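Subject: The structure, and what turned up in it

Hi there,

Here is the structure I promised to pass on. Have a look at it first, and then read on for my notes.

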Amino acid sequence: MTTTPALPEQLADLFARADALASALDAPLSEAADVPRPEHPRPQFHRAAWLNLNGTWQFEIDRGDTGRERGLIERELERTITVPFAPETAASGIGERDFLEAVWYRRTIAVPATWEGLRPVLHLGAVDHDATIWANGQEVARHRGGFTSFSVDLSTVPGVGPGAEVTLVIRARDPHDAAQARGKQSTWFRPTHANYHRTTGIWQTVWLEGVPAHEIRTVRITPSLASHSFALDVPLNRAVPGTSIEVVASEPGGGEVARTSVRADLDLAPHLELTIPEDAVRVWGPGAPELYALTLTLRGADGAVLDEVSSYAGLRSTTLSGHEYRINGEKVFQRLVLDQGYWEETFMTTPEDAAFTTDIRLALEAGFNGARLHQKVFEERMHFWADLHGYLTWGEFGDWGVSGRGPDGDNQQPTASFIGQWVEAVSRDRNHPSIIGWCPLNETHQLLHDRLTQLDDVTQAMYDATKLADPTRPVLDASGYSHRVRGADVYDSHSYEQDPERFRVEQAGLAEGKPFANRRDLGPDDYPYADGGFSLPYAGQPYFVSEYGGIWWNEEEARRAAEADQAGRAGNDAAESWGYGQRIASEEELYERFEGLTRVLLEDPRMFAYCYTQMTDVFQEKNGIVDFERGRKLDLARLRAVQEKAAAYEQEG
C-alpha cells in the first residue's frame with residue numbers, strides 16, 4: 001500500500017476553507033439522538049424545525065409481493081432494519097443479497113408538540129423503486145423512481161398534528177425483470193463486470209419537517225456573472241394579501257452583503273433580483289469555493305415572519321462558443337474522474353457524511369478538478385461538499401436497466417417515467433454551483449437507422465425537459481454511443497483503448513472536425529439502413545472523451561494471475577475481478593499507461609475535458625485510483641504530476 005505523502009499547501013488551504021464554510025452554511029444536526037447520518041439532508045434549503053427519522057424501523061421482506069393481501073398495512077412486521085441503509089447491505093442489519101420483489105417498513109413517530117402552527121411534512125431522500133406510503137392506515141402518497149426525493153404532507157391525515165402520534169407504513173416494490181432505471185444494479189443474481197449489488201427500499205435519509213401554512217415551496221437561484229446578481233424565483237403554496245418576500249445575502253458566518261424584497265401576493269412564483277455590490281463580488285470556480293449565505297423570509301402584511309428558509313449560492317457562469325466550453329468566461333480544462341458512489345458496507349448510501357469529503361479530497365489530491373457523478377442521482381450532501389470545495393461535477397441519471405427490451409434497432413426502451421424522474425433530479429439540484437453540466441443518459445447502445453424509436457423519443461424529451469428546467473447549463477444528451485439530439489450542446493465518446501499510440505491515432509480526427517464516435521461492426525443480420533453508427537453526425541460542438549482509462553490493477557490479484565499463467569491455469573472470473581483491456585503486470589506500468597493516455601487528451605487543443613475511469617475499485621471492478629475502502633493503492637502525487645501539465649485547450653487562442 002502506498003504511503004500518504006504530505007498534502008500540497010494549496011490543497012490543505014482549500015480543505016480548511018471547505019470545513020470553515022461547512023460550519024457557517026450547514027444546518028444543525030438533528031435533535032434525535034444516536035441516529036445514523038444525523039446531518040440535514042438538504043443543506044441548501046432548510047428550516048429550523050426538523051426531525052431525523054433514521055434508525056430502527058420494523059421491516060419485512062415480501063418475496064411474493066402479497067403483503068397487502070396478508071395484512072402488512074395493519075400488523076407489526078417481523079424484523080427490524082437500520083434506516084437509511086438498504087436491506088442488501090451489512091449496515092442495515094439484514095444483508096439479504098437475493099432479489100427482493102417487495103419490502104415493507106413500519107414505524108410510529110411523535111410529531112413534536114413544539115411544532116404548534118406547523119404542518120408535519122415527511123421527506124424521503126430515495127426509495128427504490130416504487131413506493132407507497134400509508135399514515136395511520138390511510139394511503140397518502142405513491143412515488144416511482146429509486147433515485148429521486150419526494151415529500152408527503154401528513155397534516156392531511158385526520159388527527160395528525162403537533163403532539164400526535166402517527167404510524168407510518170412504507171412498501172417498496174423492486175421487480176427484478178421490469179424496465180426501470182437501475183443504474184449499476186445487477187439484473188443477474190451475482191454482480192459482474194461493471195454491475196454491482198442491488199439496492200432495494202429506503203436508501204437515503206427519512207426526515208420530518210415542520211412547515212408553516214404559508215409556505216416557501218422551493219427557490220430557483222440563477223446566477224448572472226455578467227451583472228453580479230442572482231435571479232430568484234420563489235414558488236409559494238398560496239397568495240396572501242399584503243405578504244412580501246425578502247432575501248438577504250451575507251458572507252458565510254459574517255455580515256450582510258445585499259438585500260432585496262418584492263410583493264408576494266401577485267405572482268404564484270415571485271421573482272427577485274439580488275445584486276451584489278462591486279466590492280463584495282466573489283466568483284465561485286474550480287478550487288475557489290466562494291459562496292454567499294442566503295436567508296429567504298416570507299412576511300405577512302404586519303411584518304410578521306410567516307416562513308423562513310436558509311440557503312446559499314455561488315456566482316458562476318457556463319457558456320459555449322464553437323468548440324469551446326468556458327467556465328466564468330475562461331477556458332478551464334475539466335480533468336474529471338468517474339465516481340460511482342458505492343461503499344462496501346452500505347452500497348449506494350454514503351456511510352457517513354465525512355465519506356463525501358474523503359472522495360472529493362482524494363480526487364483533488366490526484367489532480368482531478370471534478371467528477372462525472374455516474375449512473376445514480378447522488379445524495380444532495382455530495383453536491384453540498386462539492387460546492388464547498390470548488391469541485392466541478394456533471395449531474396447524471398442512473399438510466400441503465402432498459403437494454404435488450406426489444407429487437408436489434410429497438411433494443412433500448414426507456415419509459416416515460418425516466419423523464420419525470422429526471423426532471424425531479426434537475427429541479428432538486430439545479431441551485432448547486434458545482435454542477436456545470438447535465439447528462440440524462442449513458443451508453444445507450446442502439447444503432448441509428450431511418451425509423452424513430454422509443455429511445456429517440458425519450459432522449460429528445462429528456463434533453464428538452466433539462467433545457468426547460470435549467471437553461472443555464474450545457475446538456476449532453478447521452479454520454480457515449482447514441483447521440484440522438486441534433487445540435488446538442490456537447491458531443492462525446494467513450495474509449496477504453498489501452499495503447500497510448502493507438503489511442504492517439506483514434507482521437508486524431510477531432511482536428512479535422514471528424515472526432516472518434518462509438519460504432520460497432522455490423523453483420524448481415526443487423527438492422528437495415530444502419531451503417532454501424534449509434535449517433536447523429538458531429539456538428540462542431542465542444543467535444544470530450546467522457547470515459548477512458550479503466551486500467552485494471554490489483555497488486556495481489558496480478559501476482560496470482562501471473563502464477564496461474566506460469567502454471568497453465570490462465571483465466572479470470574469477471575464476477576471476481578474485472579477491468580478494461582489486458583490486466584497490467586506492475587504498478588509502474590499503470591503510471592506509464594495513465595500518462596500516455598492522458599497526454600493524448602491534454603495535448604489536443606480542441607478537447608475541453610476528459611473523464612478517467614474511475615475513482616475507486618467497486619466490488620469486482622478493479623480499476624480505481626484508490627481501493628474500495630479508499631485506501632491508497634497508487635501514488636496520487638504521480639497521477640497529479642501528469643494532470644498538472646498544461647492542457648493545449650487552455651493555451652489555445
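Salt bridges link Arg-42, Arg-47, Glu-209 and Asp-307 into a network; a salt bridge here is a side-chain nitrogen of Lys or Arg within 4 Å of a carboxyl oxygen of Asp or Glu. Before you go further: this is a predicted model, where local features need pLDDT of at least 70 and side-chain atom pairs count only at pLDDT 80 or more, while totals for chains, interfaces and linings use all residues. Residues are numbered from 1 along each chain as its sequence is written, and side-chain values use heavy atoms, with hydrogens and water left out.

Searching the whole structure gives 51 salt bridges. One of them joins Arg-119 to Glu-215 at 2.8 Å, N to O. Arg-119 belongs to strand 5 (residues 118–124) and Glu-215 to the loop between strand 12 (206–212) and strand 13 (220–224), so this pair ties together parts 96 residues apart in sequence. (Strands are DSSP runs of E, at least two residues, and helices are runs of H or I, at least four, numbered from the N terminus.) Both Arg-119 and Glu-215 are buried, meaning under 20% relative accessible area, with over 50% exposed and partly exposed in between (1.4 Å probe, protein chains only).

Asp-470 and Arg-473 also form a salt bridge, at 2.6 Å, N to O. Asp-470 counts as buried because its relative accessibility is 0%, and Arg-473 does so at 4%.

Glu-324 and Lys-331 meet in a salt bridge too, at 3.7 Å, N to O. Glu-324 is buried at 15% relative accessibility, and Lys-331 at 9%. The charged end of Lys-331 also sits over the ring of Tyr-649, 5.2 Å from its centre (the rule: NZ of Lys or CZ of Arg within 6 Å of the ring centre and within 35 degrees of the ring normal).

Now for the rings. There are 32 aromatic pairs in the whole structure, that is, rings of Phe, Tyr and Trp (its six-membered ring) with centres within 6.5 Å; planes under 30 degrees apart are stacked, over 60 edge-to-face and the rest tilted. Among them, Phe-230 and Tyr-292 are edge-to-face, 5.9 Å centre to centre with 75° between the planes. Phe-230 is in strand 14 (residues 229–233) and Tyr-292 in strand 18 (residues 292–299), so the pair ties together parts 62 residues apart in sequence. Phe-230 and Tyr-292 are both buried.

Happy browsing!
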